[in-house]
Amino acid sequence: MIKVKKRKILLLPGDGIGPEVIAEVKKIINWFNDKKSLDFEIDQELVGGCSYDKHGTPITDEVFYKALESEVIMLGAVGGPTWDNLEFSKKPERALLKLRKELKLFANLRPAICFKQLVDASTLKPEIVSGLDIMIVRELTGGIYFGEPRGIKPIENGERKGINTHTYTTSEITRVARIAFDLARKRSNKVTSCEKSNVMEAGQLWKEEVQELHEKEYKDVELSHMLADNCAMQLLRNPKQFDVIVTDNLFGDMLSDQASMLTGSLGLLPSASLGAKNKDGEMRAMYEPIHGSAPDIAGKGIANPIASILSFAMALRYSLDLDKEADILEKAVQDVLNDGLRTKDIMSEGMKDTSTSAMGDAIISKLQ
Ligand code: IPM
Ligand code: MG
């Protein structure tokens with residue numbers, strides 16, 4: 001059993017714009033080490049397509065073991081068209097899925113917050129999205145992403161059959177539902193649980209288990225159940241009705257993309273993937289921006305580092321017990337946006353076009 005080393009941070013920049021945005025996170029970590037006398041130990045490794053290019057695998061055993069002993073993993077992004085035609089097991093995304101699964105990071109927290117400075121960037125009307133603050137809790141290690149049997153098999157008539165299996169057990173459902181209820185208690189105290197209980201047995205089980213847990217332990221939290229397709233519609237119609245949404249791996253993948261785009265600023269949204277706490281209170285966790293590797297703008301120095309920097313703020317809050325430092329960092333980001341600094345993805349008239357590294361520097365200068 002590999003022990004988690006306290007305050008050990010593993011940087012996995014990955015592909016595309018990953019290295020550019022994680023470079024800014026590194027500056028921030030170093031600032032906290034220098035100025036706040038924090039003792040974060042940083043290490044950096046390859047993962048995804050860049051690891052495949054060098055080692056023939058999206059994640060080496062060595063990197064995987066480093067990940068196992070790190071308290072915090074900061075991931076950039078993986079993938080890109082260069083690696084699209086690789087066989088399934090070698091694809092960059094497999095590294096991400098392996099980390100999630102083997103590190104048992106079952107709870108994926110994806111906030112969708114509409115920054116007041118960017119209300120006009122949304123494709124929805126300002127009154128629909130202003131003040132929006134939703135937390136999607138996506139189950140991350142089960143469901144159809146990992147269920148067995150899976151594969152592509154030849155069948156009698158010369159055709160092929162693609163198979164994936166959607167399964168959930170009681171404990172897989174209740175542990176992630178518990179995270180959602182606990183989060184709701186610190187927010188607006190409302191949970192919406194989404195599934196397709198009208199067509200899937202696993203969805204019916206999901207609904208029943210969430211309901212039972214609610215009755216046993218979380219009666220004080222307002223719970224409603226919603227079919228996932230209806231949830232997709234409601235997110236567009238009236239997104240502010242939601243506080244915390246808890247849902248399975250696949251629906252969470254889709255609903256979180258949809259929710260994030262309501263905010264108009266994909267480049268600003270962080271995420272956290274959390275494991276269970278062991279008896280010593282230690283927890284494995286991986287933090288990453290919601291946006292992908294954006295190969296079209298990679299290497300140009302124009303990517304938005306804010307989502308990654310806010311992911312580090314989540315790490316300070318959820319893994320490192322440094323709420324005050326998280327507040328300071330989030331405030332610095334707000335200050336920079338208030339000053340009108342914008343990377344290209346969130347640029348609007350009258351604002352200052354800012355490069356990736358200038359954005360990182362500006363945030364650091366606000367921290368001072
Ligand atoms: C995400 C991504 C991943 C997923 C991919 C890159 C495997 O879309 O984190 O939402 O499907 O989970
Ligand atoms: Mg996704």
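Predicted model: local features only at pLDDT ≥ 70, side-chain atom pairs only at ≥ 80, totals over all residues.
1. Contact here means heavy atoms within 4.5 Å. By that rule, D61, F64 and A67 of helix α3 touch K98, L99 and E102 of helix α4.

2. Residues are numbered from 1 along each chain as its sequence is written, chains are lettered from A and ligands numbered from 1 in the order written, and side-chain values use heavy atoms, leaving out hydrogens and water.

3. Now the geometry. α3 covers residues 61-68 and α4 residues 92-102; they pack at about 40°, axes 11 Å apart (helices are DSSP runs of H or I, at least four residues, numbered from the N terminus; axes are lines fitted to C-alpha atoms over the stretch in contact, with angles from 0 to 180 degrees between N-to-C directions).

4. As for the domains, domain 1 is 1-113 + 265-368 and domain 2 is 133-261, with bounds from an automatic or database domain assignment. Their C-alpha centres are 25 Å apart, and 21 residues of domain 1 contact 20 of domain 2.

5. The two domains bury about 1900 Å² between them, 64% of it on carbon and sulfur atoms (accessible area, 1.4 Å probe, lost on being put together, summed over both). On the domain 1 side, F106, R110 and A112 lose the most area, together 35% of what that side buries.

Notes. Helix = DSSP H or I, 4+ residues; strand = E, 2+ residues; numbered from the N terminus.
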